[in-house]
Amino acid sequence: VVYPSPDGLIAVDGGGPSMLTQGLMTEREWREYNPSSFVAAAHNGAYIAFYEKPGGQKGGLWFHPAAGFTELGFHATAVWTDLLTDTLYLVVDGEIVAFDSGAPLTAFWRSKSVETSPVSLTCARVSADGYSDLNLRILADGSLLYEVAVGGPDAFRLPPTRGGARQWQIEVSSTRAFRQVDLASSMQELR
C-alpha cells in the first residue's frame, strides 16, 4: 500500500510504514504539491499522481523507488488500472488515454539538493539514449548557473563559480531516457 501523507509518500508493508520521499524531497517541497489533491495509481512498480497546487497550477508526478521523482508535463483528472491488460488509463483534457503509449511526452527530473564543501564544478557529461531534445539546468547555491541543450555524450565545460558553491542541484528534461549526469571540477575527472 502506498499513499500520500502531509509529510511525504508513505509505503506500508509487513515491516510497517516507511517514508519513500525521505532524502528526495523536503516536507515543504512535498506539501507544495498539495498531496490532499492527488488523483493517483500504482503502475509497473511506480506511483503516478496528478495534483493541483493551491495557486491552481496542475501537473503530474511519476515516482519509482529506484529512480526518484519525474515531473509529468500534463494533468489527469481520473485514473484507472486495468489489471487484466496491465494498462493504466487516464482522463486528460476530457479524453480517456492509455498511459505510456503513443508519442513520447517530455519528462522532467530534478535531483535532490547535494551539499558539499565549497567546490567549483566546471565540467559536465550526460549519458542518454538520445540528445535531440535533452536540456540540462545546473543550480549552484540556489541560483541557475547554467542551462544548455546537450548535443551529445561528450563532456563540456560549465561557467566557473566564484569561490565555489556549497549546494548543487541538477534538472534534466527530455523525451528520451537519460541515465546519468556527471559533474566534475576538471575534464580529466570525467575520463
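This briefing covers the fold, strand pairing, aromatic contacts and salt bridges of one protein. The model is predicted. The protein has 191 residues, and 38% of them are buried. Its secondary structure comes to one helix and 18 strands. The C-alpha trace spans about 50 × 35 × 35 Å along its principal axes.

- Three strands form an open sheet in the order 16-13-18, with antiparallel pairing. Strand 16 (156-157) and strand 18 (178-184) are the edge strands, and each pairs on one side only.
- Strand 13 (residues 123-128) pairs with strand 16 in the antiparallel sense, over two bridges. Here Cys123 stands opposite Arg157 of strand 16.
- Strand 12 (residues 114-119) has six residues, and the number buried is zero, so this strand lies largely in the open.
- Strand 12 also pairs with strand 17 (residues 165-174), antiparallel, over three bridges. Glu115 has Gln167 in strand 17 as its bridge partner.

- Tyr33 lies in the loop between helix 1 (27-32) and strand 4 (39-43), and Tyr51 lies in strand 5 (residues 46-52), so the pair ties together parts that are 18 residues apart in sequence.
- Tyr33 counts as buried because its relative accessibility is 6%. Tyr51 is buried at 2%.
- Phe50 and Phe74 have ring centres 5.5 Å apart and planes at 45°, so this pair is tilted. Phe50 is in strand 5, while Phe74 is in the loop between strand 7 (68-72) and strand 8 (78-82); the two are 24 residues apart and link distant parts of the chain. Phe50 and Phe74 are buried.
- Ring pairs also link Trp30, Phe38, Phe63 and Phe69 into a cluster.
- Tyr33 has a charged neighbour as well: the charged end of Lys53 sits over the Tyr33 ring, 4.8 Å from its centre.

**Salt bridges**

- The whole structure holds eight salt bridges.
- In helix 1, Glu27 and Arg31 lie four residues apart, about one turn of the helix. Their side chains meet in a salt bridge at 3.4 Å, N to O. Glu27 is partly exposed at 40% relative accessibility. Arg31 is partly exposed at 41%.
- Arg28 and Glu32 also lie in helix 1, four residues apart, about one turn of the helix. Their salt bridge is 2.7 Å, N to O. Arg28 is exposed, with a relative accessible area of 56%. Glu32 is partly exposed at 39%.
- Glu171 and Arg137 form a salt bridge of 2.7 Å, N to O. Glu171 is in strand 17 and Arg137 in strand 14 (residues 135-140), so the pair links distant parts of the chain, 34 residues apart. Glu171 is buried, with a relative accessible area of 10%, whereas Arg137 is partly exposed at 27%.
- Salt bridges with shared partners join Asp7, Glu27 and Arg31 into one network.

**Surface patch**

- Val1, Tyr3 and Val12 make a nonpolar surface patch of about 290 Å².
- Val12 lies in strand 2 (residues 9-13). At 35% relative accessibility, Val12 counts as partly exposed.

Note on methods. Residues are numbered from 1 along each chain as its sequence is written. This is a predicted model: local features need pLDDT of at least 70, side-chain atom pairs count only at pLDDT 80 or more; totals for chains, interfaces and linings use all residues. Side-chain values use heavy atoms; hydrogens and water are left out. Patches are made of residues with over 30% relative accessible area and no salt bridge: like charges are joined within 9 Å, nonpolar side chains (Val, Leu, Ile, Met, Phe, Trp, Tyr) within 5 Å. Accessible areas come from the Shrake-Rupley method with a 1.4 Å probe; for residues, only the protein chains shown count as cover. A salt bridge is a side-chain nitrogen of Lys or Arg within 4 Å of a carboxyl oxygen of Asp or Glu. Buried means under 20% relative accessible area, exposed over 50%, partly exposed in between (1.4 Å probe, protein chains only). Rings of Phe, Tyr and Trp (its six-membered ring) pair if their centres lie within 6.5 Å; planes under 30 degrees apart count as stacked, over 60 as edge-to-face and the rest as tilted. A charge sits over a ring if NZ of Lys or CZ of Arg is within 6 Å of the ring centre and within 35 degrees of the ring normal. Two strands pair if DSSP finds at least two bridges between them.
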